[in-house]
Amino acid sequence: MPEGNENDTKRLIRETATRLFREKSFEAVTLSDICKASGINKHTFYYYYKSKDELLKKFYCFPWSLTAAEATAILTSDNCVDQIWLIIDKYIDYTKTTGVHIIRQILIKNLTHDVGTFHISDEMREISKLEISIIKKGQQNGQFHNTSDPRVLVVLLHQVLHSMGLMWAIFHGEFDLSKSARFLLENLLDVDASYRMTNEKDLDTFMDLFKGMIQTNQTHHSSDSDTTKHSKS
């Protein structure tokens, strides 16, 4: 989203830098690269931005607020799964559009300086209230079979989303973020079969990332079972 006081030159620098970050990674792009691609000199760059890091500021906050059209679509739907997904999909779409390299840098930035990306904003509080009400409704009408406290489910849902975004960035977008997130959402809420849109195949690529861990656990359980059998005999 363009900044309110952004003129053409400032916007050109930001958009050019963003494109280069997505193409090459934040670390690989130098200030000289940005200036050359923007057709400016370093003096002009420093007039508008203090550093390369400042170009990432617009990405620090995830967009949780709803447009009028999005709010209408949610409130007029009787499908609670779709209602939740319309909210969640904003996060998914933003993550994919922002791109692996920038998301990775945002995560690094928060780990080193805590720039507030994962703080609970007023927007997020309002969205959470809406999600809680949707989950309550879904539990009451039988669309969600997980009857845990909706407040706990909302916290878990957002933790799953952040975790998925982290894994997607770490593994350079090797799995389908939308399908994997939808599958985990449907399983977390234990969505009724008639409302599900995913199956285990949609999670195959994501689960491949954990093959070593799963195989190790299976081997461990198998060894325990063998030990038990021998001890009994």
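Author: Helices are DSSP runs of H or I with at least four residues, strands are runs of E with at least two, and both are numbered from the N terminus. The model is predicted, so that local features need pLDDT of at least 70 and side-chain atom pairs 80 or more, while totals for chains, interfaces and linings use all residues. Residues are numbered from 1 along each chain as its sequence is written, and side-chain values use heavy atoms, without hydrogens and water.

Reader: Why does the length of helix α6 agree with its number of residues?

Author: The expected span is 1.5 Å times one less than the number of residues. Helix α6 has 14 residues, 100–113, and should therefore span 20 Å, which agrees with the 20 Å between its end C-alpha atoms. Just after α6, aspartate 114 has a positive phi of about 50°.

Reader: Which helix gives the most to the lining of the second largest pocket?

Author: On a 1 Å grid over the protein atoms alone, a pocket is an open set of points with protein on both sides within 12 Å along at least five of seven lines, and lining residues have an atom within 4 Å of a point. Helix α8 gives the most, with five residues, and α7 (122–140) also supplies at least two. Among the lining residues are Phe118, Met124, Arg125, His158 and His162.

Conventions:
1 Å grid on protein atoms, 1.4 Å probe; cavity = no way out; pocket = protein on both sides within 12 Å on 5 of 7 lines; lining within 4 Å.
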